[in-house]
Amino acid sequence: MHKPIKYVEKGLSVAANGAWFFYDRFNAFSQRPSFTPNWSDKPLLKSHEKVKPPLGWPRETDSLCPTCVREARQDILDGKKDYKILLNEKVGEIKAQIVERDGKILMVKECPVHGVFEDVMAIDTEFFKHLEESFPGSDIRAHNDAKLHNHGSSTIKYGRGSVLTIDLTNRCNMMCDPCFMDANQVGFVHELSWDDIKTLLDNAISIKPKRQMSVQFSGGEPTISPYFLDAVRYARKVGYNSVQAATNGIEFAKSYDFARAAADAGLRYAYLQFDGIGNAA
Ligand code: SF4
């Protein structure tokens, strides 16, 4: 037996949902054109214009064979294949099934060459359902970006570009097991030159739509790139509102002067990440 207030709340909730349903339908009849903000060349989407991919489960989706991807990456690095295969071919693409099993949501896929892969997507099915139901639909279609967003079948088609991540280097002053960049562990150094960094910042700021254009320098450890301070300074100069570093903080902790120089260059956030070894830690 619930308290009477709970029944009142439930009644109000049902009434509000019903009122919203009719208000929404009524509004669909005489729509005014959408507003075009100055960060976009096209009008914002009306709610009925937003599309959603199929959600729920079981369902089929597009995925990648992790081994095919690793092999293709190695072939490109070794000069055996042209990087353009990533634009013109569906490298490693396979179908995957999203299913519920033993109270978890799994992605199960089979590569004809490398066999079956299973990944846990969620350990809480209700929360996963809530996340999917909260998706409001696709954002405004990207424009002015035909050359910059050509990533083959992985091309980003929607969105307003809120945070750009630039990995300045794959070097790091740590060597953590769960590092998703495998920093210091892949046997080669990949580090952006100043021209690379400048080109990325210049290109990304030219794309529309954009609203809050933030950049997060990441890595590896971005603060050990020789261009870290220049990159922060230049990003602020060309118009990025919020310049961040995804960092382990060691260089800042070692040197007050370095931390001061980063702040003076325009660094707004140091984004610290702490990894545990399980759900409890
Ligand atoms: S500190 Fe971060 S980037 Fe460096 S090895 Fe650890 S997880 Fe990777």
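Predicted model: local features only at pLDDT ≥ 70, side-chain atom pairs only at ≥ 80, totals over all residues.
Strand 2 (residues 93-101) and strand 3 (residues 104-111) are paired in the antiparallel sense, with six bridges between them. Two residues separate strand 2 from strand 3 in a hairpin, and Asp102 in the turn has a positive phi of about 55°. Arg101 stands opposite Lys104 in strand 3, while Val99 stands opposite Leu106 in strand 3.

From strand 3 the reader may continue to strand 4. A hairpin with three residues between its strands connects strand 3 to strand 4. These two strands also run antiparallel, and they are joined by seven bridges. Within this pairing, Glu110 stands opposite Val116 in strand 4.

The pairings described so far belong to a wider arrangement. Four strands make up an open sheet in the order 1-2-3-4, with antiparallel pairing. At its edges lie strand 1 (59-64) and strand 4 (115-122), each of which pairs on one side only. From one strand to the next, the twist averages 35°. Helix 4 (residues 125-133) lies across strand 1, strand 2, strand 3 and strand 4, and runs at about 80° to strand 3.

At the level of the whole protein, the division is into domain 1 (59-133) and domain 2 (152-272). A distance of 27 Å separates the C-alpha centres of domain 1 and domain 2.

Attention may now turn to a pair of helices. Helix 6 (residues 228-238) packs with helix 8 (residues 256-265) at an angle of about 20°, and their axes are 8 Å apart. Angles under 35 degrees count as roughly parallel, and helix 6 and helix 8 are therefore roughly parallel to each other. On the helix 6 side, the contact involves Phe228, Leu229, Val232, Arg233 and Arg236; these meet Phe258, Ala261, Ala262 and Ala265 in helix 8. By class, this contact of helix 6 with helix 8 comprises seven nonpolar residues, two charged residues and no polar residues.

The ligand remains to be considered. Which residues are around the ligand? They are Cys172, Met174, Met175, Cys176, Cys179, Ala183, Gly220 and Asn248. Sorted by class, the shell around the ligand contains six nonpolar and two polar residues, with no charged residues.

Note on methods. Residues numbered from 1 in each chain as written. Heavy atoms only, no water. Domains from an automatic or database assignment. Near = heavy atom within 4 Å. Nonpolar A, V, L, I, M, F, W, Y, C, P; charged D, E, K, R; others polar. Axes fitted to C-alpha atoms, helices over the stretch in contact; angles between N-to-C directions. Parallel < 35°, antiparallel > 145°, perpendicular 65-115°, else oblique. Contact = heavy atoms within 4.5 Å. Pairing = 2+ DSSP bridges.
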